[in-house]
Amino acid sequence: MTAHEIDYTIYGEEMQYVEIELDPQEGVVAEAGSFMMMDDGIKMETIFGDGSQKDTGFLGKILGAGKRILTGESLFMTAFYNVLSGKRKVSFASPYPGKIIPIDLTEYRGKFICQKDAFLCAAKGVSIGIEFSKRLGRGFFGGEGFIMQKLEGDGMAFVHAGGTMARKVLQPGEVLRVDTGCIVGFTQDVDYDIEFIGGIRNTIFGGEGLFYAKLQGPGIVYIQSLPFSRLAGRVLASAPQAGGKDKGEGSILGGLGDLLDGDNRF
């Protein structure tokens, strides 16, 4: 497997995008909805799966793409090719505030495991598959971390972390306990399991869920401070409810205060 060699630049601080420079006939694959802009001369094509395997036949492509359903992703991905001479650029945007993390798979022995919604784009030739849990505890209690994606190959891939990103280098035997939704990804040598928090007060009143992820080194782990599920939950909790009142920012005048301060919803 030989992925296309691509150059890239990441722009922005909190709402980032990655600009990828393609030589003639080079390509990049991306999740639907991440495209931002592209130069003239870039051809866009919808493909089954990731397009990393060229000679598997139609049935093989269907089976490979069908596995993506288990991660909640679309059957299709979008490929972008430079079909003209000279260099061309195509850009992909982060879906919500956070950081874009470049992953050079050659530095991780050709494999990186990430949260199912973390993948943004990758060089053509990188395989985007699924990483099944082989442990019963993860299967029943892993939540967001049960089925993860695996990125394989020898090219560049880009994943997205919500909020602030932490990169932890774990030594052999070193353990890190993390909220399951806060995991962005980790290298293949990291041992990943689910643990029960324990304690009746923690269970009933803790508000942090009943389980967390246990990550044991050696390896590298990427952690996000604001997973999308947490962001969406807080937005939903603050949204106006049908037939009720919104959780406003605090004018004692109520609706009149909203009108005066510029909130003109009718």
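**Figure 1. Confidence runs from helix H2 to strand E2 in this predicted model.** Mean pLDDT (the predictor's confidence in each residue, from 0 to 100) is lowest in helix H2, residues 136-141, at 47. Strand E2, residues 17-22, has the highest mean, 96. Helices (H or I, at least four residues) and strands (E, at least two) are DSSP runs, numbered from the N terminus. Residues 138-145 have pLDDT below 50, yet this stretch has 19 contacts (heavy atoms within 4.5 Å) beyond near neighbours in sequence. For the protein, the mean pLDDT is 78, and 69% of residues reach 70 or more.

**Figure 2. Phe35 stacks with Phe80.** The whole structure holds seven aromatic pairs (Phe, Tyr and Trp rings, the six-membered ring for Trp, with centres within 6.5 Å; planes under 30 degrees apart are stacked, over 60 edge-to-face, the rest tilted). In this one, the centres lie 5.3 Å apart, with 20 degrees between the planes. Phe35 is in strand E4 (residues 35-38) and Phe80 in strand E6 (residues 76-82), 45 residues apart. Phe35 is partly exposed, at 37% relative accessibility. Buried means under 20% relative accessible area, exposed over 50%, partly exposed in between (1.4 Å probe, protein chains only).

Figure 3. Phe92 lies in strand E7 (residues 88-93) and Phe80 in strand E6, so the pair ties together parts 12 residues apart in sequence. Phe80 is buried at 1%; Phe92 is buried at 0%. Ring pairs link Phe35, Phe80 and Phe92 into a cluster.

**Notes.** Residues are numbered from 1 along each chain as its sequence is written. Local features need pLDDT of at least 70, side-chain atom pairs count only at 80 or more, and totals for chains, interfaces and linings use all residues, while side-chain values use heavy atoms, without hydrogens and water.
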